[in-house]
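Colleague: I'd like to learn how to read a model like this one. Can we go through it together?

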Amino acid sequence: MNSPKTRVALVASTALLVASGAAPSATAAPAPGHGRTSVALAWYDTTADTIATAASSLPPVTNSRTWAISWIAAARALQHVPSGVDRRDYQDAALAAAVHRTLVELVPTRAPELDAALQQTLDQTPDGPAETLGVAAGERQALEVLHDREGDGLDAASVNAPFTVPPAAPGVWRPTPPAFAPAIQNGSRFARPFLLKSADQFRLHAPPALTSKRYRTDLKEVRDFGELNSTARTARQTDTANFWFDSSLALWTKPIRVALAATSHQPLLKQAELVALTNATLVDTQIATSDSKYTYPLWRPVTAIRTGVGEIPADPSWTPLHTTPAHPDYPSGHNTYAGATETVLTALVGPRTTPFTLTSVTAPGVVRTYTAWHQLTLENMDARVWLGIHTRLADEAGVTLGTDVAKYSLNHAQSLFQEH
């Protein structure tokens with residue numbers, strides 16, 4: 001800790017405990033009737049800013065893990081308020097300290113900015129036992145959750161464990177043009193989930209055969225609408241495709257914040273649980289996605305179209321609107337993410353929301369307005385086809401998988417917040 005007040009608070013907190021036994025931030029809204037900013041929104045924005053600095057160099061699931069650990073620690077720190085102290089002061093300090101300590105440990109290059117953010121929260125909290133004990137509780141929970149998640153297989157090296165490409169055969173994934181890069185995210189399926197019993201708990205059924213009507217219909221759709229210079233794809237469809245080519249982590253950060261703001265009337269504990277549960281579910285969804293992808297290493301549309309399938313003739317020069325990511329087609333990861341997030345947010349805040357806008361770094365100048373979480377899921381499904389990088393069957397399977405994981409998470413959420 002760099003600031004005098006922070007150092008004093010942490011030293012005092014230790015003594016009292018012994019005696020007692022990934023997108024531009026929006027301005028945090030003032031908490032009604034308290035004259036200070038919402039600590040939940042302020043630290044949500046701080047988490048988003050912190051992770052955005054690391055996002056480009058780390059796998060999405062590793063960044064989702066950082067979100068999850070930070071906010072699980074925060075939720076655990078808020079569960080028990082000592083008698084005789086102000087609840088609001090204690091909980092504000094506890095949440096801030098939990099998220100701060102976790103982020104400093106996981107993204108140490110951001111320590112100066114995180115120290116400043118903690119100081120800002122503590123400056124709004126009256127000095128005294130409530131603040132001191134809150135900081136201590138947050139620190140303790142952060143360290144405990146970090147310790148519990150050590151060696152969970154969600155570090156970048158483990159996530160990108162090498163994948164041995166099977167011998168070339170119709171329907172089997174192989175590296176895709178133009179880079180023909182090795183497969184990524186293969187190792188996620190070996191990681192330890194937060195709530196799932198195992199990576200294969202909701203493993204999808206095998207994709208339809210290449211000879212099936214469904215597969216060939218979907219492949220023709222990608223061929224016609226997902227080609228770089230497609231004449232079938234409209235300008236709006238192109239905008240939608242480009243918009244959702246951005247990372248799911250980045251694009252869903254604001255919608256989750258919108259949901260968090262909608263719970264401002266709820267106890268701070270419930271707000272922390274929303275962020276924690278959503279992101280823990282997203283980690284588990286990405287683990288489950290890797291399991292199905294590499295159990296059924298289905299080739300990507302670009303490979304199928306260039307090779308030819310049945311009555312669909314080979315087109316060796318066919319090129320998708322955007323470069324195909326280096327992992328199998330089935331299921332679509334963006335859509336597992338969408339299905340999971342939509343399901344959790346619908347359960348916690350309802351299916352509809354006040355209108356909010358989104359922008360995307362992969363579609364400069366395009367602004368979209370949404371009033372329901374399902375709208376984002378529908379656009380995700382269409383976009384991956386129009387990008388030329390996924391079949392619709394892979395998109396629909398992704399939503400199914402994400403939804404299944406999220407339903408399980410919602411039914412087992414309390415185990416996430418039990419101290420170990």
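Colleague: What volume does the largest cavity have?

Modeller: Rolling a probe the size of a water molecule over the atoms shows where empty space is left. On a 1 Å grid over the protein atoms alone, a cavity is a set of points where a 1.4 Å probe fits but cannot get out. Here the largest cavity has a volume of about 50 Å³, counted as the space filled by probe spheres set on the points. This is a predicted model, with local features needing pLDDT of at least 70, side-chain atom pairs pLDDT 80 or more, and totals for chains, interfaces and linings using all residues. Residues are numbered from 1 along each chain, and side-chain values use heavy atoms, without hydrogens and water.

Colleague: Which helix gives the most to the lining of the largest cavity?

Modeller: Lining residues have an atom within 4 Å of a point. H10 gives the most, five residues. The lining includes Trp-252, Asn-279 and Tyr-337.

Colleague: How do H2 and H4 pack?

Modeller: Two packed helices are described by the angle between their axes and the distance between the axes. For H2 (39–55) and H4 (87–106) that's about 5 degrees and 10 Å. The pair is therefore roughly parallel (angles under 35 degrees).

Colleague: What does the protein average in pLDDT?

Modeller: pLDDT is the predictor's confidence in each residue, from 0 to 100. The average is 92, but over residues 1–34 the pLDDT is below 50.

Notes: Axes are lines fitted to C-alpha atoms, for helices over the stretch in contact, and angles run from 0 to 180 degrees between N-to-C directions. Helices (H or I, at least four residues) and strands (E, at least two) are DSSP runs, numbered from the N terminus. Angles under 35 degrees count as roughly parallel, over 145 as roughly antiparallel, 65 to 115 as roughly perpendicular and the rest as oblique. Contact means heavy atoms within 4.5 Å. On a 1 Å grid over the protein atoms alone, a cavity is a set of points where a 1.4 Å probe fits but cannot get out, and a pocket is an open set with protein on both sides within 12 Å along at least five of seven lines; lining residues have an atom within 4 Å of a point.
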